[in-house]
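Me: I'd like to learn how to read a protein model. Could you walk me through this one?

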Amino acid sequence: NENWSLAKQYPEVKETVYKLFHKGPYQYWAILNSGISAIAFNPGFEKIQSLVHYPNTDKFARITPFLLQNQQLFSTDLGLYRYDEILKQFQRYSNLDKVLGSFSSANYVKSVSPNAYWFANNGRFAFVKFSNEGKIAVDSARFNILEDRVMKQHEVVEPVDSIFLIGLDNGFAIFAPQKEQKTSIAAPLIRGLIDLQATDAQKMH
């Protein structure tokens, strides 16, 4: 029989599950309307062994888990957080917050490689690179042109071979890093100077 059927419903979860993120063996983060839950199943998925729920509060109203260099981080409307497995609580990741600026509240994070990621926050994009020496480069200025052409909270970037497809309101934009060229800017031509503190007769040089 190729028809799908409901095999199991867990009584512990009584509201809509919007997203699931892998946390560990048989463990998941579940994004719910009321907050986020850490759920651990038994090996056969017959039951939920533990469920710890963190409701939306004044601390943060939106939370999105993602992996950054094999670390589980959480982007919220108040910045980045880490989860302390011993204390079972979220803690602010202040140092990385400062470097990423407004992108620490990204609602979309896409891994390109272990050291490169796309961040998107309310229609704005940044391409972020992490060096082995601990340096972080945030490149966002060149993507400002896309800000009013993307549906906010629905940003998407997909790698295709050596280019990236960026979803727009009416199609796609293509970002091709290998075609980047540094253009040298000619030195300015100074035709005259004006001394603003001089008399009218002395102003022009």
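Predicted model: local features only at pLDDT ≥ 70, side-chain atom pairs only at ≥ 80, totals over all residues.

Me: What counts as a strand, and what counts as a pair?

Reply: Strands (E, at least two residues) and helices (H or I, at least four) are DSSP runs, numbered from the N terminus. Two strands pair if DSSP finds at least two bridges between them. Here, β2 (residues 27–32) and β3 (residues 35–41) pair in the antiparallel sense over six bridges.

Me: What is the strand order in the open sheet that holds β2 and β3?

Reply: The order is β1-β2-β3-β4, four strands with antiparallel pairing. At the edges you'll find β1 (17–24) and β4 (48–55), each pairing on one side only. From one strand to the next, the twist averages 20°. For such angles, axes are lines fitted to C-alpha atoms (for helices, over the stretch in contact), and angles run from 0 to 180 degrees between N-to-C directions.

Me: And what order do the strands take in the open sheet with β9 in it?

Reply: That one runs β9-β10-β11-β12, four strands with antiparallel pairing. β9 and β12 (136–139) are at the edges with a single partner strand each, so one side of each has no neighbour in the sheet. Its neighbouring strands are turned by 20° against each other on average, direction ignored. Zoom in on β9 and β10 (residues 116–121): five bridges join these antiparallel strands, and S111 stands opposite Y117 in β10.

Me: How many residues does the hairpin use to join β14 to β15?

Reply: Two residues link β14 to β15 in that hairpin. The strands, β14 (residues 163–168) and β15 (residues 171–175), run antiparallel and are joined by five bridges.

Me: Now for empty space. How do you find a pocket?

Reply: Rolling a probe the size of a water molecule over the atoms shows where empty space is left. On a 1 Å grid over the protein atoms alone, a pocket is an open set of points with protein on both sides within 12 Å along at least five of seven lines, while a cavity is a set where a 1.4 Å probe fits but cannot get out; lining residues have an atom within 4 Å of a point. Grid points are joined across faces, edges and corners, and a volume is the space filled by probe spheres set on the points. The largest pocket here holds about 490 Å³ of space.

Me: Which residues lie nearest the centre of the largest pocket?

Reply: Those are K19, R62, I63, T64 and N107, from a lining of 20 residues. The elements giving two or more residues to that lining are β1, β2, β5 (63–68) and β9 (108–113). β5 gives the most, with four residues.

Me: What classes of residue line the largest pocket?

Reply: There are ten nonpolar, seven polar and three charged residues in the lining. Ala, Val, Leu, Ile, Met, Phe, Trp, Tyr, Cys and Pro count as nonpolar, Asp, Glu, Lys and Arg as charged, and the others, Gly among them, as polar.

Me: How many salt bridges are there?

Reply: The count is five, where a salt bridge is a side-chain nitrogen of Lys or Arg within 4 Å of a carboxyl oxygen of Asp or Glu. One of them links D97 with R92, the closest N and O atoms being 2.6 Å apart. Another joins K88 and E85, with 3.4 Å between the closest N and O atoms. D139 and R142 form one too, at 2.3 Å between the closest N and O atoms. Salt bridges that share partners also join K23, E85 and K88 into one network.

Me: Is D97 buried or exposed?

Reply: D97 is buried, with a relative accessible area of 9%. Buried means under 20% relative accessible area, exposed over 50%, and partly exposed in between (1.4 Å probe, protein chains only).

Me: Where is F60 found?

Reply: F60 is in the loop between β4 and β5, and F60 is buried, at 5% relative accessible area. The C-alpha atoms of F60 and D77 are separated by 6.0 Å, though the two are 17 residues apart along the chain.

Key. Residues numbered from 1 in each chain as written. Heavy atoms only, no water.
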